[in-house]
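Trainee: I'd like to learn how to read a model like this one, feature by feature. Can we look at it together?

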Amino acid sequence: MKRTARTLLACLLTALLFLAGCAPTPNAAPDPNPSLNPSPSATNTPLPSPTTPPTKTPPPQTSATPTLAPTPDPLSLLPVPPRFEIADDGQRVYFGDAYKQLPEADIMDEIIVPELIIIHTDGQTANLPRDWSTESTYHGLGEWYSVHFAISQYDILQMLPMYPDGVLHGSGAAPQYNDQGEWVTYNNRSIHIEMSGHNFNALIEGWANPEMTEAIEKTTDKTTDLVVSLLWFYHIDPANVFGHYQVGRGKADPGNLYFEQVFLPQLLEKWESFQKSLQP
Ligand SMILES: [Zn+2]
């Protein structure tokens, strides 16, 4: 008697579920026409890692000593710590002070895994160094270019969507033929960073006035902080940070002397000290 009551109850529940449109067991009743019905659940299950707590997303380089004193949280130690937010398209990651997405027309709808970071200067020649700004960078990109970040001495502006495992495809370096005659693009594996300003070589060549020197130095400081954070977060080799002039024929930005003698040494120093800060 008890059993039949339970069976009845189960049938009733199943019927209710079925009516509600969430029949639980697809294998209970064989699909009469499977070819016309390719697993509807497949289209409904994207939501990547909803269970992962936001602050722990990138797999931290597994600490080998869980029993010792708690290892510091690398994310909180990053010079520019990421912020996480759940959006319609999954979990978004934000770095820096502000986010303002570039116009749709500039955007390529593809998520890439970044392996390179390419550094630019945007050449806003109409402005004095004190007015070199991310706002000018944002508006100066035009229809053809899109980059992930603009950085001035005042702020870091993110301009394209980024995710724990990838970033939106930017277009910061024109594809071209290399010396071997092969058509090459770096955009499908690069994060592009545009520093506001121009002629950063002046710092080495000795003709930057105090205002220009201050702008370049502060911008460089913010940029190397961000690059250290991105290197760690996306597991990019520090050897894969390039000046645009190294990957774009006819390009001079951000200035070879500046890049080799100021930017890269500062970056590597910060990278090493960040690695040390991770030691328990
Ligand atoms: Zn460039």
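Trainee: In which sense do β5 and β13 pair, and over how many bridges?

Mentor: First, the ground rules. This is a predicted model, so local features need pLDDT of at least 70 and side-chain atom pairs count only at pLDDT 80 or more, while totals for chains, interfaces and linings use all residues. Residues are numbered from 1 along each chain as its sequence is written. Strands (E, at least two residues) and helices (H or I, at least four) are DSSP runs numbered from the N terminus, and two strands pair if DSSP finds at least two bridges between them. Here β5 and β13 pair in the parallel sense over three bridges, with I117 standing opposite V241 in β13.

Trainee: How many bridges join β5 to β12?

Mentor: Six, and the two strands run parallel.

Trainee: What is the strand order of the open sheet?

Mentor: Its six strands go β3-β7-β6-β12-β5-β13, with mixed pairing. β3 and β13 (241–243) are at the edges with a single partner strand each, so one side of each has no neighbour in the sheet. For β3, the pairing with β7 (residues 156–158) is parallel over two bridges, and A98 stands opposite L157 in β7.

Trainee: Is β5 mostly covered or mostly open?

Mentor: Mostly covered. A residue is buried if 20 or more other C-beta atoms lie within 10 Å of its own, exposed if 12 or fewer, and partly exposed in between, with C-beta atoms placed from the backbone. In β5, five of the six residues are buried.

Trainee: Which residues touch the most other members of the largest nonpolar core?

Mentor: In soluble globular proteins, nonpolar side chains tend to be buried together. A nonpolar core here means buried Ala, Val, Leu, Ile, Met, Phe, Trp, Tyr and Cys residues joined through C-beta atoms within 7 Å. The largest has 43 residues, and I117, I119, F149, I193, L226, V227 and L230 touch the most other members. α5 gives the most to this core, 10 residues.

Trainee: Why call α5 largely enclosed?

Mentor: Because 17 of its 24 residues are buried, the rest of the structure largely encloses α5. You can check its length too: the expected span is 1.5 Å times one less than the number of residues. For α5 (residues 210–233) that should be 34 Å, and the end C-alpha atoms are 35 Å apart, which agrees. Just after α5, H235 takes a positive phi of about 55°.

Trainee: What is V227 in contact with?

Mentor: Contact means C-beta atoms, placed from the backbone, within 7 Å. Leaving aside neighbours within four places in sequence, V227 contacts I117, V241 and L267.

Trainee: Where does G96 sit?

Mentor: In the loop between β2 (90–94) and β3 (98–99). G96 is buried, with 21 other C-beta atoms within 10 Å. Beyond four places in sequence, G96 touches V80, F149, I156, L157, Q158 and L226.

Trainee: How do β1 and β2 pair?

Mentor: Antiparallel, over five bridges, with β1 covering residues 83–87. A hairpin joins them through two residues, and F84 stands opposite V93 in β2.

Trainee: What is the mean pLDDT of the chain?

Mentor: pLDDT is the predictor's confidence in each residue, from 0 to 100. The chain's mean is 81, and 74% of its residues reach 70 or more. Over residues 7–60 pLDDT stays under 50, and the model has 19 contacts beyond four places in sequence for that stretch.

Notes. Contact = placed C-beta atoms within 7 Å.
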